[in-house]
Amino acid sequence: MSEHDAVKIGIVSISDRASAGVYEDKGLPALQDWLSRALLNPIRFEPRLIADDQATISQTLVALVDAGCSLVLTTGGTGPALRDVTPEATLAVADKEMPGFGEQMRQISLKFVPTAILSRQVAVIRGSSLIINLPGQPKAIAETLEGLKDTEGNQLINGIFAAVPYCIDLIGGPYLETDNSVCKAFRPKSAIRAPKA
């Protein structure tokens with residue numbers, strides 16, 4: 001038995017062309033790779049590859065929350081194009097919106113590209129699950145989750161994942177523990193759990 005809480009994480013790649021087999025999906029492998037490196041917890045992934053359809057996206061998010069996923073990460077469909085409806089589908093199933101996540105993702109992405117202001121990622125809470133829309137590109141996924149570090153590995157700007165474990169604590173989910181070399185989770189001292197004997 002692991003000393004860390006087990007966690008079920010939904011990962012959703014939203015793309016008309018990848019879901020139709022026109023090209024290979026890069027979103028799910030990128031999410032799974034980063035989370036596997038960042039978390040010390042045993043993870044059970046629930047992967048979904050779906051089209052840019054608002055009703056399908058909403059139904060998928062609800063199903064993953066109902067299946068016990070404490071965290072659901074989506075990639076794709078957050079731009080201004082006509083078929084980009086991920087934020088609308090996410091907000092439609094929300095109990096609470098968490099605007100700080102989207103604000104921080106855009107701040108990080110703006111360090112790399114001026115078009116980051118066109119991204120519309122949102123994060124919400126549904127029940128006791130946190131749902132976050134991430135950018136579509138694998139490189140941008142890692143940058144927004146991890147933040148920016150200098151050449152010595154010192155954190156310049158926190159990635160959004162630093163706040164995810166404490167958010168999940170607050171909504172009644174498992175205690176997520178991170179590999180500090182990838183991403184250091186922040187919790188107030190009162191919320192830090194002593195290591196299991």
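**A nonpolar patch and its surroundings**

Guide: Leu 110 has a relative accessibility of 35% and therefore counts as partly exposed, since that class lies between under 20% for buried and over 50% for exposed. The model in which this value was computed is a predicted one. Leu 110 belongs to helix H5, which covers residues 99-110. Together with Ile 117 and Leu 118, Leu 110 makes a nonpolar surface patch of about 280 Å².

Side chains of opposite charge can pair when their charged atoms come close. The structure holds nine salt bridges. In one of them, Arg 193 meets Asp 5, with 3.3 Å from N to O. Arg 193 lies in the segment after helix H7 (164-170) and Asp 5 in the segment before E1, so this pair ties together parts 188 residues apart in sequence. Arg 193 is partly exposed at 36%, whereas Asp 5, at 19%, is buried.

Another salt bridge joins Arg 37 to Asp 33, whose closest N and O atoms are 3.4 Å apart. Both residues lie in helix H2 (residues 27-38), and because they are four residues apart, about one helical turn separates them. Arg 37 is partly exposed at 39%, and Asp 33 is partly exposed at 44%.

Arg 187 and Asp 169 also form a salt bridge, with closest N and O atoms 2.6 Å apart. Here Asp 169 belongs to helix H7 and Arg 187 to the segment after H7, so the pair links parts 18 residues apart in sequence. Arg 187 is buried at 10%, while Asp 169 is partly exposed at 23%. Arg 44, Glu 46 and Arg 48 are linked in a network of salt bridges.

The pockets complete the view. The largest pocket holds about 760 Å³ of space. Its lining has 35 residues, and those nearest its centre are Gly 76, Gly 77, Pro 135, Gly 136 and Gln 137. Helix H6 contributes the most to this lining, with four residues. By class, the lining has eleven nonpolar, 14 polar and ten charged residues. The second largest pocket has a volume of about 460 Å³. Among the 21 residues that line it, Thr 178, Asn 180, Lys 184, Ala 185 and Phe 186 are the closest to its centre.

Conventions
Residues numbered from 1 in each chain as written. Predicted model: local features only at pLDDT ≥ 70, side-chain atom pairs only at ≥ 80, totals over all residues. Heavy atoms only, no water. 1 Å grid on protein atoms, 1.4 Å probe; cavity = no way out; pocket = protein on both sides within 12 Å on 5 of 7 lines; lining within 4 Å. Points joined across faces, edges and corners; volume = space filled by probe spheres on them. Helix = DSSP H or I, 4+ residues; strand = E, 2+ residues; numbered from the N terminus. Nonpolar A, V, L, I, M, F, W, Y, C, P; charged D, E, K, R; others polar. Patch = residues over 30% accessible without salt bridge, like charges linked within 9 Å, V, L, I, M, F, W, Y side chains within 5 Å. Areas by Shrake-Rupley, 256 points an atom, 1.4 Å probe, with all protein chains shown as cover. Salt bridge = Lys/Arg side-chain N within 4 Å of Asp/Glu carboxyl O. Buried < 20%, exposed > 50% of the residue type's maximum accessible area, 1.4 Å probe, protein only.
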